[in-house]
Every structure is written in C-alpha cells, then in structure tokens.
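Subject: Model handover and notes

Hello,

Here is the model we talked about. Please open it alongside this message.

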Amino acid sequence: MSYVIEGKTGSWEIVVGLEVHAQVVSKSKLFSGASTTFGAEPNSQVSLIDAAFPGMLPVINKECVVQAVRTGLGLNARINLESRFDRKNYFYADLPQGYQISQFAHPIVGEGTIEIELSSGETRKIGITRLHMEQDAGKLIHDQDPTKSMVDLNRAGVALMEIVSEPDIREPEEAGAYLRKLRQILRYLGTCDGNMEEGSMRADVNVSVRKAGEPFRTRCEIKNVNSIRFVMQAIEVEAARQVEIWENGGEVDQETRLFDAARGETRTMRSKEDAHDYRYFPDPDLLPLVIEQGWVDALKAALPELPDAKRTRFQSDYGIPFYDAGVLVAEQSVADFYETIAKGRDGKLAVSWVTGDLFAALNRTGKTIETSPVSAEALGKMLDLIADGTINGKIAKEVFEDMVETGEGPDAIVEKKGLRQVTDTGVIDAAIDAVMAKNADKVTEYRSGKDKLFGFFVGQVMKETKGKANPALVNDALKAKLDG
Amino acid sequence: MSLDLATTRRIAKLARIGLEDAELETVRQKLDGILGWVDQLSEVDVEGVPPMVGTETEALRQRDDAVTDGNCRDAILSCAPEKSGPFYTVPKVVE
Amino acid sequence: MLTGLTLTEARAGLAARKFSARELAQAHLDAIGRLNTQLNAYITVISEQDVLAAADAADARYASGDARLMDGLPVGVKDLFCTKGVKTTAASKILANFVPPYESSVTARLLEAGSVFLGKTNLDEFAMGSANITSAFGSVLNPWKRQGDDSALVPGGSSGGSAAAVAAGLALAATGTDTGGSIRQPAAFCGIVGLKPTYGRCSRWGTIAFASSLDQAGPMTRSVADAGLMLEAMAGFDEKDSTSSNRPVPEFSKAVGKSVKGLRVGIPAEYRAPGMPEEIAKMWEQGIAWLREAGCEVVDVSLPHTKYGLATYYIIAPAECSSNLARYDGIRFGERKDAATLDGIYERTRAEGFGQEVRNRILMGTYVLSAGYYDAYYLKAQKVRTLIKRDFVQAFEQVDVLLTPTAPSAAFAQGENMDDPVQMYLNDIFTVPASMAGVPAMSVPVGLDSRGLPLGLQIIGRHFDEETVLSVGGALEAAAGFAHKPALHAEAGV
C-alpha cells in the first residue's frame, strides 16, 4: 500500500467507501410530473405531490427506471428484475413527506465494478455494492434571515441514483480517480450530467483507519462533499484526525460529519446528532417494480460505447498510444471531435493537433470543445491539405491560428493568403540559386566539409519562398546543387 | 416483551410527538396492553411464508417522462402557516 | 318525502320531473338544519347558495335530456376526501382550517356524474376508530335509540357521520372509506348498506391516507341497488394512483336483482366466535336460511387465520399511519404550534394537533417499525397477512361469496368500551380480514335486535367480483325487507 499515515504507534492505512448521489437526467421528477430544470424560481417546480399534501400519491417515472438500469449496465452490474421502494422515515424541514422514498432492501442494481487508473499508470478495480433510486430532498437557505431558514422544494422529489462502492479505496488519489471515472461513465451514458457545482453529483465519504491486517475499525461518514478535490482533502484530514484519536487512547465515534473546506477540517453534523432509526418499510403506495430481461437486453444493446472500450479501440483503430487515447476519451465530446477528424486520416497527426494546438487555443480563448471556433470537420479538412501537399506543416500552424481567429475554413484561408505550398521545381531552383549567390562564403565552407550548414541553407530557402516551399523538394534540390 | 418508559420516550421522540412524563406513562400502559395482545401472533407458524407486499393484484405502472405538474407556487403556498416571499419558513436550522 | 328516498327512486323522480333537484337539495338542507346540531353528522355544510347552484345545473341537464348517472342526487362526503375550496379536516385539529386546492379523484368522479354535495361528514379523527368518538369536532350521535332507553348510542366508525346522515335523512347517500371496517361497521350500526370495494377499485388520490395498503373508498346507501349505482360513479382507473386497478368498471347496479340460484355461499366456521351474542348468531342463521331459499348452496368453509386478523391489522395499520401522518408537521399546511426550534415545532404541533387515539396509533406504528422490533412485529404481521389472504383465495376456490355477521354487536352506548383499546378494537373482528385480503365486502341491514337496533350481515366476495356481492346482497335485502327507520329521522315529527 503506497498511502500510509505514519503514527507514533506505527503505520495506518485508510479504508474508504463512497456513496455517490447522482441526479438522474430526466425531464420530470421521480414520482411527480414537476420539472427538474436547475435554477428555477424558488418553489416553482413543486407539485402537490412534492409538497406532500394530504392524499397525494407517487407514480414512478419510466425514464428514471431506464436511466438507473442503463447506469447499472454501464457499471457492469447485476440488474435486479424485481426491486422495491421503501420509505425511510425521518423528520426534517427539507423532507415534506416525513419520509424519503428509496430502495433499501431490494435495489434495482446489484454488484458491479469500476476500473480506475492511477497517476502511476497502474489500474485497480473498485467494487460497486449496489445502485438504487431515491428521491432528493428540498433545499434550506440559511442566509436570508437571522432567525429563520427558508424552504425551497424545487429539488424535492428529483430522482437520484445512489451508487455505493465497496470499502475498496485505500488512497485519496484512488477516491479521486474513482469519482472521475464514475462521472465519466455517467456522462457517456447521459444518465447524470456529473455537475458537482450544481449539486447534481455529490459524495458521502465513509472513512476509517486501521493497522495493516486488522479488521475494519469504526467509520465516520462525511456528508455531501461537492468536489473531487474536497473529497480527497476530506479523506486526508479525517484519516489524520482518526489516527490521532486512536493513538491517544480514544475511540472514534460512528457519526456523520461535514467537511469544512475553508478550514480544511471535518466536524460533527449537528442536525444529524440523533441516533437514527429510519424505520424502513415497503412503501404501500407503490407495488414492486418488475422489469423484463428482454427489455434490459434491449437497453444494453443500445448503450453507447463506454470510455474503456473506446480507449482500446482508439489505440487499435488509429494507432495512437494508450496515454493519448486516455486523454481523448476523458470527455465524450473530445473523443467524438477526435474521431471525426481521425476517421480516414492520420490518427497520430490528428491526436497531436487536438491535444496540442486545439487544446491550447481553447485554453487561450476560454472556449470548450463544444464551443470550439474550429470545427472537427474544418480541422480534418486542414489535415487533408497537409496530406495532399497543398500546405506544409509549418504553414498549417499559421492557417490554424487564422481559423481560430476568423472561423473561416482552411481552403479559404490558404487561397486568401496564398499559402499554397510551392512544388514548382523551377521556383525552388531559382530560390536556391539566389540563396547560394548571396552566401557564396557559406557555400565554400559547406563544400569544405561543414555539413551542419545544410540546415542554414534550408532555412534560407524557406524564407526566400515565404515558408511555402515543399520541404522535401527543397531538401533534394539543395543537396543536388550544393554537392554538385 | 414489556414496554418501558425509556423506550416510550424514544418512540415519542422519533415520532416527534412531544409528551410530558405523565402522559408518556399513560401511553406506555396503553401500548403495553396492545403489544401484549398482538403477541398472540407469535403462535403463528410463518416458516417459508413471504410477507405480503401491496395487494399483489397488479404490477407497478410507469408514467412517461413529461413535465405535467408544478408551476403552482400559489397553490402550494396557499395553506402554509408561515411563509416569506416564495418560501416556507422554519426556525433557523443549524446543519 | 324527499329525504326518505333511495338514490334509485330519486333518480327516477328527477328524470320524470316529479320534483326538481333544487327541491330535493333544499329538503336535505332543511333536514340538516333541523337535525345536525343533535346528530353532529356533518362537520362542514356547504353553503345553500353553492348547493342550490349545483342542483340547478343538474335540473338544467334533466331539462335538456342529458342527465348523468348521479345527476341532482344530494350526497354527503366523508371529511377525509379532499374537496377543492371546501374545508377538509379529517376530523382533526391539525387540519381544522385546511382548504385543499384540489379535488380527490373519487369526489371529482361523483361531481362529474352530477352529484350535489351537501357537506363533509364527521368521522373518527383520521378515520381511526370504531365509534366516532375520536373526532376533534365532537362525537356523532347514532339516530337509532334502544327501545325505552334514551342513551346516546355510537354510530360506529370511522364513517359514522356518513352512516348517521344517510340513516337520518340528511343525505340520500354518502361516501365512506374503509380501512378495517369503517364503512361496513357503521352501516350495520345505523341500518344502512355499506360497500367496501376491492382494494384498487376506487382511486385513493386526494383521499387523506390512514393505512395505504388497506384504505378503500366506497358507497354508504339505503339500498343495495344504490350501492351499485354509486360505486359505478366512484370507481375507475386513475393513473395518479399506482395501486388503482385498470380493470373496466361494470354496470354494478345491474348486478342487483340477478338470480342467485346455484351460487355457493360459504359460512366460515371461524367467525362463530366464542361469546358471540345469541341475537347475532340467530340473525346469521336467518340470513343463511334466506339465501338457501333463494337457491344458493350453503357450504361450510374454513378461514383458519381469521383469529389473527385483528392483531395483524393493529400492527400494519398503525405502522403505515405512523409514516403517512408524518407530513402533518406544521410547515406547509395545517395548524402549527410555534416553538424556538424546528423539532420544537414538530413536537408541539403534533402533540397538540393530534388527538389521543391518533397519537397512540402513531406511537404504536413507530414502535413496530423501529430497529429491533421490525421483524418481530411488522414483518411477522405481513407474513400472517399473506396467510389470511391465502385463506380467502382458497375459500373462493370452493364458494362464490362468504356470509358473516358484520359486527359482533349492535350499536353500543357512548362511554361503553372506551377504556380498553383492545375491547374497542374487537368491533372490527369480522370486517378486518376482508380488508387484509383486499377483497370486496358489503354490509346489508337485515333486522333489529330485541332492543330495536339494526343488525347487518356481511357478504364477502372475490377480488374484483363486487357484482356477485351485490347480487347476493340484493337477494338478502329482498328477503329481509328491512324498512325500519331510526328514532331521529328527517321524516319523523315534522
């Protein structure tokens, strides 16, 4: 184990399991027809069902079931053809029903795995325990009044998938890699947008520490951590806190804690201090959810290619290195962009343009791949111009910068600026003659054995032709003239 | 199983029903009597019997994903004992 | 007189223009004005203006020849159905001023069928009770009296206000809800017909929930044919209720009067409870004899888990209620008792807003679901419930319906059975098993006991076979010829 905490009494390893709440991409809520759009006016996307008015009843959204099953398939997990909804009973101002409808005893998805890659290049498999559907709670706003909290139920009832990992994670870095990989899969599937800032993906982090070979010790749950970086930090500080308690002869209490990013520490969550007894029982308003294997198979057949498979295929289809393929598939939009360019062209050249010049240009202009000023088609066209000898690689850089700036196609730019590569040997010969005439001394030096000057002559010829000469032709002709 | 006062208090807390100790004792006695009576179920052999779920007469129907509801803030706030602008309000909660 | 009609008679009278819907409605408003102070059957009476406007609309449809199933028929609505713009209390302080911005599916269907709502009838708080003594708005008085005894009798519960109103001529019919007998037992106590349909037959959307896996709305009427007619208007698939059945709704009223010759009627041995009053046993024997005369084949059957029905019910129903009633927290609707903290608001609002019986059931339900007790109580009860349901399924392989008494006694006096909750719960002993199994069951008044109080018999049918229940009920009604009126009645002493 590479990550250990060296304490006074020896080395400690950390044990981490993650419970990720991922908001399902759907138009309406899990059990009501109210909209799920983010950022609406407070309480405007609330139905009588979401506000738990007397006599209101839940009816499940089919799309949420589809999304949960697709996610399960994407996690290589077992799909349970019969699952059930339970009520998790507790009182809180953001929970109108006084219970959350969740799947406790019979989740829709069982065991699966995620493969993560660490910076060392090593890969690990992290087990998925289960995935279940449940309702999100509303939101409390504390900063509008000194004595009151405001209740906004727009989010109440939105479908969540809770994805629970096995306690397989042993390093903060693994937790980060797991979350990035999970988010990548969810985005590929289109089942969750993975946006942690808007709260559509949140993590509860279970942390404990132990000496090597020991059974698990008491864990603490850090609730609602909303960025990957904070998850990693929270694990570090929480593990350190626990080691200190154990080493000073104390006991770690099993409790729910909050991560305070500003102070870089975790603290007890006061509202959850009560010993919990959720009194789960099957929701009598809902019958068991029964789906058919054939239906699951059809969803499976229609799944998009997922990142791991795409990465392998990119390596073999386009002959690019594993690392580059990983960079490309990190975001599906990038992978698609790349593939549009690479298809039928030089894959290696394509990857260097996408991850090099294009990424730099996006960075510089504050754009994303979706808003890129250069379309994949245009960039592909430019590679064609290189391939067919219309322009050379050096001129291509100039053309590309023009494309970023003007949004014009490469053809137009080449024509407009007259950048077409010079392949007329007469023109090239004339340029060589002119250069040799101007540099008679250097010609003499070269001929007396100073081979290194060859590069100087190439540069001068290119300059003479404003960079447009075909470098291969220049090389051949120059060699012939100098040596002759 | 006989019900003690501490358990009764814990149950009342879970159910968020605020009862004084004297009331709790009355409740304890009532519930204890009922629990003694329902203990008759212990004589029923349920080996291998599944628990009843729903009434098992129909399968769960699933609705199409469409926005058909919400956008009725006035209605959902119309019955609130206390509100402020577009919000329900509660005493400040510390998380 | 107009207040003494059946729905069927009134419908015919309106169609023949013998009287108008306005006259019919006015007669009922007058009767309510005279008797409701005594009976306390209604918590809310709808304004005369609104009632008459609805009646006028019905009259217009009769005039234009497009009258609907229940057009112009004045009915009472149990105050558990949410009614848009009309206060809906569940007989609880916690909802004392709750005016729903929506209409329950069942009442919406009744309105669509042309019914004229008179008001919201009293009930046990949140439908929890068998005597209508737990209402925050006062007890309902049974319009019947024992001979030579003026004691105030209970109307049964929880739909006691509906039963009393129908019996006393304050509505031609009323809606009820039945969780463990709340339609059938008060119907028996007040000498009317009460039908609990199959679970899933009537939508639960917009009806305030007590125990979701058991709650079922149904009609309370003066005749079996009326029960069929009104059920036809109330029933039907509702996409807003996941437990609503999408089976087609038959013309239930046509089932009444159909020959019952050759039908097999089961007599469950286990309902011959030790200590059953002689008069109840006699009435049951009489009912068996009537059905035999009508051509039914009488078969002895066994429902071995009957005796566990009540204990099972008093675990499952409180468990569901403890969760269903968590939403009454003083935040979004209903009464709030202020406090400095959120928990303080919850605890005060719920301690003061709920009456004692409701609080006890919530606590009971919380207990049986709590960690360490779930398996012993709730899970065990759900397994026993499976056995109870199997009993019925097996019995219905042999017979078409079952015949039992509805309740173990006639109406009792207010103050009796009050101290021991278990004693009170025993009222539901014959009605609970059918609720547990989800099968339809109906109480039909068949006679009076020696003190002049009505007694009912219960017909239980197969899942979704209300028609056979109605046919057999019709035969029983015809044979019994029950035409007695209670002491307090709109037609008496006018």
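My notes follow, chain by chain and then contact by contact.

Housekeeping comes before the notes. Residues are numbered from 1 along each chain as its sequence is written, and chains are lettered from A and ligands numbered from 1 in the order in which they are written. This is a predicted model, so local features need pLDDT of at least 70 and side-chain atom pairs count only at pLDDT 80 or more, while totals for chains, interfaces and linings use all residues.

**Chain A**

Chain A has 15 helices and 17 strands. Both are DSSP runs, numbered from the N terminus: helices are H or I with at least four residues, strands are E with at least two. The C-alpha trace of chain A spans about 95 × 55 × 50 Å along its principal axes. Its radius of gyration is 30 Å, but a compact globule of 484 residues would have one near 23 Å. That radius is taken over C-alpha atoms, and the globule rule is 2.2 Å times the number of residues to the power 0.38.

UniProt, in an unreviewed entry, places "domain: Asn/Gln amidotransferase" at residues 336-482 of chain A. UniProt positions use the numbering used here, feature names are shortened, and annotations may be inferred rather than shown by experiment. Residues 336-482 of chain A are 72% helix and 0% strand. The end C-alpha atoms of that span are 48 Å apart.

**Chain C**

Chain C has 15 helices and eleven strands. Its C-alpha atoms fill a box of roughly 65 × 55 × 50 Å along the principal axes.

The UniProt annotation "domain: Amidase" (unreviewed entry) covers residues 23-470 of chain C. That span is 37% helix and 14% strand, with its end C-alpha atoms 30 Å apart. An "active site" annotation in UniProt, also from an unreviewed entry, covers C:Lys78, C:Ser158 and C:Ser182. These residues are spread over 105 residues of sequence, yet they cluster in space, with a largest C-alpha distance of 11.1 Å. C:Lys78 sits in strand β2 (residues 74-78) of chain C.

Now the strands. Strand β7 (residues 264-268) of chain C pairs with strand β8 (residues 297-301) of chain C in the parallel sense, over five bridges. Pairing here requires at least two DSSP bridges between the strands. The chain runs from β7(C) through helix α8 (residues 278-293) of chain C to β8(C), a right-handed β-α-β crossover. Right-handed means that, with the strands pointing away from the viewer, the path from the first strand over the helix to the second runs clockwise. C:Pro268 stands opposite C:Val301 in β8(C). β7(C) also pairs in the parallel sense with strand β9 (residues 401-405) of chain C, over two bridges. There, C:Gly266 has C:Leu402 as its bridge partner.

Chain B averages a pLDDT of 92, and 94% of the residues score at least 70. pLDDT is the predictor's confidence in each residue, from 0 to 100.

Which residues does each chain bring where B meets C? The contact takes 40 residues from chain B and 53 from chain C. Contact means C-beta atoms, placed from the backbone, within 7 Å. On the side of chain B, α2(B) gives the largest share, seven residues. That side divides into 27 nonpolar, seven polar and six charged residues. Ala, Val, Leu, Ile, Met, Phe, Trp, Tyr, Cys and Pro count as nonpolar, Asp, Glu, Lys and Arg as charged, and the others, Gly among them, as polar.

Chain A puts 44 residues in contact with 31 residues of chain B. β10(A) gives the largest share of the chain A side, five residues. By class, the chain A side has 21 nonpolar, 14 polar and nine charged residues.

Strands also pair across A and B. An open sheet of four strands runs β9(A)-β10(A)-β3(B)-β2(B), with antiparallel pairing. Its edge strands are β9 (139-141) of chain A and β2 (83-84) of chain B. β10(A) and β3(B) pair over four bridges, and A:Met150 stands opposite B:Thr89 in β3(B). β3(A) pairs in the parallel sense with strand β1 (residues 62-63) of chain B, over two bridges. In that pair, A:Ile60 stands opposite B:Gln62.

Best wishes

Terms used:
Contact = placed C-beta atoms within 7 Å.
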